[in-house]
Amino acid sequence: MTILCVRFQLPATSEADLPQLLGMLEEFTPVVQALPPDGALADLRGAERYFGRDAVELASVIRVRSLALHGVDCVIGAGPGPMLARMALDDAAPGVTRAVPGEPDAIAEFLADKPVAALPGVGTATARTLGDYGLDTLGRVAAAPLSTLQRLIGAKAGRELREKANGIDRGRVVPNAVSRSLAAERPFGRDELDPDRHRRALLSAAEEIGARLRALEKVCRTLTLTVRYADRSATTRSRTLTEPTAHSPALTRTAYGMYEGLGLQRARVRAIALRAEGLDPADQASHQLTFDPVDEKVRRIEEVADRARAKFGPRAVMPGGLGGAAA
């Protein structure tokens, strides 16, 4: 067990604390990958040798330091690879590290009875397709002929799914910088059921991120949506944009698309957050030219609105959908 997946139990409005917590992890290993809004992967292979402790023992030290220095508890999963560490995290409880041993028999036992959707990257549509053919657990998927899986979900996807169901974890921890992203969070004063208020919060967050990106002369390549619920659980979805952008309408359309894809039914939402990731200089980004005069007009209006906000404040110009709203 050399990989930890850590989820910090941050209050809904404290995502800004994540960089400090990542810095604490980097005192143990430089190989830390941020998983915004509240998590991280850490590769402890070098740390185990240096400190003379295994990953579970180091996880206990990390938990104590997180509480002592930052007042933040955490939930930790450990495994021989990133995929298994993430899945172990789903079974973990505060104060106890859920560890998956590295032996093949132990990995197979851990995976056997889990639903297919428990695998990172497997969506509801794929799980439904497999379930229609009785392949509703990872143990059954692992035992299924490769040709059957490829016929159901495609050649590449079938091969990758079968490998993962058999515990073959080809992932690795890729160090990144949470500073290469921008986040905007909209907490609600009470648990919110109204989809219209959810969408206004998304519009407000997308407008803020777009304005901040343009002020920094940056564009983003990926947008991540996090919806936090009344029971403290959260759903996170990411989408790569068709082209890097800081254009607020494009960010808003993408955010709406991810939100609609969640299919929330009477969900009690406590907060909604958007994060722009993969930031690059705007002058190095390509832009698909268009003959649509409306698009060019909207961009010119956006430039004028940015100048007005810089002079008179961020609420000087707002979309009509936010007029009189507190989002």
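At what angle do helix α1 and helix α3 pack? In this predicted model, α1 (residues 18–25) and α3 (residues 55–70) pack at about 135 degrees, their axes lying 11 Å apart. Local features here need pLDDT of at least 70 and side-chain atom pairs count only at pLDDT 80 or more, while totals for chains, interfaces and linings use all residues. Residues are numbered from 1 along each chain as its sequence is written, and side-chain values use heavy atoms, with hydrogens and water left out.

**The α1/α3 pair**
- That angle makes α1 oblique to α3, oblique being what remains once angles under 35 degrees (roughly parallel), over 145 (roughly antiparallel) and 65 to 115 (roughly perpendicular) are set aside.
- The crossing of α1 and α3 is right-handed.

**Helix α10**
- Helix α10 covers residues 195–215, and its 21 residues reach 30 Å from first C-alpha to last, close to the 30 Å expected at 1.5 Å a residue.
- Among the buried residues of α10 are H198, L202, A206, I209 and L213; buried means under 20% relative accessible area with a 1.4 Å probe, protein chains only.
- Just after α10, E217 takes a positive phi of about 55 degrees.

**The sheet**
- Five strands form an open sheet in the order β2-β3-β1-β4-β5, with mixed pairing.
- Its edge strands, β2 (32–35) and β5 (98–99), each pair on one side only.
- Strand β4 (residues 74–79) runs parallel to β5 over two bridges, and A78 has A99 as its bridge partner in β5.

Methods. Helix = DSSP H or I, 4+ residues; strand = E, 2+ residues; numbered from the N terminus. Expected span 1.5 Å × (residues − 1). Buried < 20%, exposed > 50% of the residue type's maximum accessible area, 1.4 Å probe, protein only. Pairing = 2+ DSSP bridges. Axes fitted to C-alpha atoms, helices over the stretch in contact; angles between N-to-C directions. Left-handed = near helix turned anticlockwise from the far one by under 90°.
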